Amino acid sequence: MNKMLVFSLLFFFFLLPALVSSECTCDEDADDRDKIEALKYKLVAVASILIAGAIGVSIPILGKVIPAFRPENNVFFLIKAFAAGVILATGFVHILPDAFESLSSPCLPEKPWGEFPFAGFIAMISAIGTMMVDLLATSFYKNSNLTKQKPVNSDEEKEVHVHTHSTHGHAHGSVMLTSSEGNDELDLSRRRVISQVLELGILVHSVIIGVSLGASESPRTIKPLVAALTFHQLFEGMGLGGCIAEAKFKIKRAALMAIFFSLTTPIGIAIGFGISTVYSETSPTALMVEGIFNSAAAGILIYMALVDLLAADFMSSRMQDSPKLLMGANIFLLFGAGCMSLLAKWA
């Protein structure tokens with residue numbers, strides 16, 4: 001899974017710009033172009049998005065330092081519900097409409113793009129593929145745990161002889177290791193798969209919006225995007241950070257995933273700026289690449305938000321047994337989805 005993330009990043013950073021830098025077949029609006037003024041806003045965008053993303057993804061991970069943010073506390077559940085609403089709105093309100101707009105553009109050939117809803121189809125296939133990866137990874141970890149913990153008797157318990165020493169004597173005892181430990185390990189492994197697949201979906205979208213912003217030379221277009229994308233990264237970072245915290249990665253692994261998320265959009269902006277002279281957002285190649293990857297990212301995020309984030313938490317016994325927590329989680333879910341949906345007015 002880590003190798004897949006690395007190869008995906010290499011593709012988006014190095015091959016995507018080459019794919020989208022084709023000639024334009026539709027006329028672009030040449031008004032309101034000011035490279036110097038646009039560059040100022042791009043530099044502000046890089047700094048603000050970088051800081052906001054780092055803060056957002058770090059808040060849930062700080063549970064090891066701040067007790068209130070630990071996964072076993074109700075505050076963490078509320079933050080995760082808010083973040084799940086953000087991710088769900090990102091898929092439905094931000095990415096999927098952009099994909100439909102790109103793949104139904106008049107700049108694309110009527111055949112086949114105008115005769116079939118490719119955006120929805122690709123999003124559906126992406127969601128199904130995410131489910132398959134989720135199931136296969138979970139099955140793999142389950143089978144590997146079963147081979148490690150073969151039951152000794154019918155109760156699937158293993159007796160371990162334990163020696164304890166003290167200054168006054170030598171004692172013997174036994175400890176019973178049950179299969180519940182294996183279930184905990186399986187749940188932890190699944191959460192790690194969830195966090196990595198979720199980050200992959202977010203990174204795809206982040207690179208695309210970064211390249212689009214970096215390639216724009218219109219201050220009027222960039223100005224509202226700076227604030228919108230700053231909050232966008234903050235909220236998305238909270239969602240991803242919550243999953244990383246629950247996965248209980250080691251410090252280095254968690255820091256690496258947080259750094260990847262924080263840097264992706266700023267690097268995308270830098271790439272967009274570098275190819276701004278040859279990049280055309282209305283060229284057929286750019287529209288197809290952006291539309292296909294946006295569709296795939298939307299399918300990943302929608303599946304992850306509904307199945308792995310919302311269903312897993314809202315159907316848990318802890319949530320069902322606490323009406324106050326359930327009510328608070330629903331409110332935070334709607335608030336997160338509403339805030340992210342509102343940002344679609346500007347980004």
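Q: What is the relative accessibility of Glu 37?
A: Glu 37 has 27% relative accessibility and counts as partly exposed; buried means under 20% relative accessible area, exposed over 50%, and partly exposed in between, with a 1.4 Å probe and protein chains only. The model is predicted, so local features need pLDDT of at least 70, side-chain atom pairs count only at pLDDT 80 or more, and totals for chains, interfaces and linings use all residues. Residues are numbered from 1 along each chain as its sequence is written, and side-chain values use heavy atoms, leaving out hydrogens and water.

Q: Which residue does Glu 37 pair with?
A: Glu 37 forms a salt bridge with Lys 40, with the closest N and O atoms 4.0 Å apart. A salt bridge is a side-chain nitrogen of Lys or Arg within 4 Å of a carboxyl oxygen of Asp or Glu.

Q: How many salt bridges are there in the whole structure?
A: The search finds four. One of them joins Glu 246 and Lys 80, at 2.3 Å from N to O. Glu 246 lies in helix α7 and Lys 80 in helix α3, so this pair ties together parts 166 residues apart in sequence. Helices are DSSP runs (H or I, at least four residues), numbered from the N terminus.

Q: Is Lys 80 buried or exposed?
A: Lys 80 is buried, at 6% relative accessibility.

Q: Which salt bridge does Arg 191 form?
A: The side chain of Arg 191 meets that of Glu 246, at 2.8 Å from N to O. Shared partners join Lys 80, Arg 191, Glu 246 and Asp 313 into one network.

Note on methods:
Helix = DSSP H or I, 4+ residues; strand = E, 2+ residues; numbered from the N terminus.
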